[in-house]
Amino acid sequence: MVLQVKKASKNFGGLSALSDVSFSINQGEIFGLIGPNGAGKTTMFNLITSMFTPSSGEIIFNEDNINGLKPHLITKKGICRTFQNIRLFPQMTAEENVMVGEHCRSKSGVFSSVFRTKSQRQEEERIRSKANELLEFVGLGGFAETVSDSLAYGQQRRLEIARALASSPKLLLLDEPAAGMNETETSELFQLIKKIQEQGITVLLIEHDMPLVMKLCDRIAVLNFGKKIAEGTPAEIQNNPDVIEAYLGSEEEDMYA
Amino acid sequence: MLAELINPYYLQVASFILINIILGVSIYITLSTGQLSLANAGFMGIGAYTSALLTLNFDLPIIVGILAGTLLAGVFGILIGIPTLRLQGVYLAIVTLGFGEVIRVIFVNWESMTKGAVGLSGIPHMGRELLNTLKDFGFDPKILGLQNNQFVFLAIFLILLGVTISIITFFRRQNRSRVGRAFAAIKLDEKAAESMGINITYYKVLAFAQGALVAGFAGALFAHVLAYISPADFAYHRAVEILIFAVFGGSEVIWGPVFGALFLTVMPEVLRFISEYRYMIYGLIIIIMMAVRPQGLIDVNILNWVKLKTPKRRQKHGTSSQKSI
């Protein structure tokens, strides 16, 4: 088990964004987190990456309780994420963006940088070549020198994935990676996520594109109004009456509508 | 022939330009993590007073005084940097401005130590001390065909030039490294930087402390170049002046504040009649820059343009630009 979420809750004042949500993710699988807008999916990401601390409950990563750890230490432990609304470093080139991602896997400080020690130069070389490999991996081979701001939308999404991969994560969290993509881009994304899985990286995916989720995920958990209403394989989820109700509304509601 | 070219007045102006450039670099460093600090005049004062008092009261060598002043300013940088981590933008500017005022008020009121508003005079002069030391070894400026006075100012200028170039080189190298990328990432998107594994607390305090160290260093040099300091030298006006270097020149690249400091120190000297109105002009500059060119005069695009126009640089960069095409 890579990640275990045990009865995690998060309240914002009187509003309960998540209540007693539990699930666990196995090594090497692609786990989907779905649910209507406002169900608490991104809040769950923010709990796992420690952007928020849970109001109650535990989050366990590789046997370690990671509650309340600083976000940069979570990344160092091997969890890295992308953002729903792309958050690249806009004025940096694609290559620099990915190089920033390798921050926690490198260690040169002020003095070795200023005096350009041998180990610093070697590290810099290593970081740069790995960044270029990753750009190649996500299909941005020719764009190393392009300022990330001026990349196309779908390319920015893939660059964000490359940047997250640069931190050598064991668990990769993707927050709606297919949002705003056309069909070609989505199918390229499907291939990419499969390739990431083949590298032995576990993936936790939030996504609204249901055909993609059903094709891609090994298992899925469904959130609605901050509660988990179902968990299982894509086939089980598709036939779960609670899930259908959450997405389509119940017949009674329809009568009043 | 050399003797006629060396005019102490010009050398003095050039020395102040260099000190202002160092101050410009100090605000640039904190700004490169997105923190706007107006405390640098205060740090400068700490550096200046510490070094002046140590050399005046304990007869310590100037270099020891300068080091102590720089380090103490750095310590204050850490002390101010940590509690203000949560503040951003205008709020940080206000708090740091307040800190500068507190420091100034302490200089004014701690009369037994600082002689209050009158200031400290008779601070060992860097150039003269150097000359005296050299004379002990039998050196006479006349060997170089220079008057004592000319030698003193020339020595100061050359020392400051070396120091300034070293500081700029230091931070240019730092910028193009893992540390520089972390600074830039924090400036561009703090949350994303944190998610990418960057310890933002460490790097923000580091930038703050580096800014304080450099400002304290500039202050200590200032004390030993002018030989006289008073609290008014480190008041609100100084804080605004340092800010103007970055606003006018730009804070995207290190050359921005360097150019700003150079231009805005030369201008009042060249146009004597303007210097009366300099703070009015500073105000105008801020307003005009905000409206027309918020990134300052020198930005990345200008630098790239300059590089393209410089033939030698073009060859050096030719391979990489061809590759990207």
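**View 1. A:Asn62 sits in the loop between β4 (56-61) and β5 (64-65) of chain A.** Welcome to the first close-up of this predicted model. Phi of A:Asn62 is near 50°, a positive value in a residue other than glycine. Most residues other than glycine have a negative phi.

**View 2. The loop between α11 (200-226) and β2 (228-229) of chain B holds B:Ala227.** Here is another backbone angle to look at in chain B. B:Ala227 is not a glycine, yet its phi is positive, at about 65°. Around B:Ala227 there are 16 other C-beta atoms within 10 Å, so this residue is partly exposed.

**View 3. An open sheet of 6 strands in chain A runs in the order β6-β7-β8-β3-β9-β10.** Follow the strands across and you will find that the pairing is mixed. Which strands stand at the edges? They are β6 (79-81) and β10 (227-232) of chain A; each has a single partner strand, so one side of each is left without a neighbour in the sheet. From one strand to the next, the twist averages 20°. Helix α1 (residues 41-48) of chain A packs on this sheet, where it touches β3, β6, β7, β8 and β9 of chain A. The direction of α1 makes about 150° with that of β7(A).

**View 4. Strand β9 (residues 219-224) of chain A pairs with β10(A).** Strands of a sheet pair through backbone hydrogen bonds, either parallel or antiparallel. In which sense do β9 and β10 of chain A pair? Their pairing is antiparallel, over 5 bridges. To find your place, look for A:Ala221, which stands opposite A:Glu231 in β10(A). Lying across β9 and β10 of chain A is helix α10 (residues 241-248). This helix runs at about 125° to β10(A).

**View 5. Helix α7 (residues 183-198) of chain A has 16 residues.** At 1.5 Å a residue, α7(A) should span 22 Å; its end C-alpha atoms are 23 Å apart, which agrees. Which residues of α7(A) are buried? They are A:Leu189, A:Ile193 and A:Ile196. These three cover an arc of only 55° around the axis, which puts them on the same side of α7(A). Their packing partners are β3 (30-34), β7 (171-175), β8 (202-206) and α8 (210-216) of chain A. Just after the helix, A:Gly200 takes a positive phi of about 90°.

**View 6. Chain B meets chain A through contacts between 21 residues of chain B and 27 residues of chain A.** On the chain B side, the elements that give two or more residues are α8 (148-175), α9 (178-188) and α10 (190-195). Which element of chain B gives the most to the side that touches chain A? That is α9(B), with 7 residues.

**View 7. Chain B is divided into domain 1 (2-294) and domain 2 (301-325).** Let us finish with how these parts are placed. The C-alpha centres of domain 1 and domain 2 of chain B lie 32 Å apart.

Notes:
Residues numbered from 1 in each chain as written. Chains lettered and ligands numbered in written order. Predicted model: local features only at pLDDT ≥ 70, side-chain atom pairs only at ≥ 80, totals over all residues. Helix = DSSP H or I, 4+ residues; strand = E, 2+ residues; numbered from the N terminus. Expected span 1.5 Å × (residues − 1). Buried ≥ 20, exposed ≤ 12 C-beta atoms within 10 Å, placed from the backbone. Arc of directions from axis to C-beta. Contact = placed C-beta atoms within 7 Å. Domains from an automatic or database assignment. Pairing = 2+ DSSP bridges. Axes fitted to C-alpha atoms, helices over the stretch in contact; angles between N-to-C directions.
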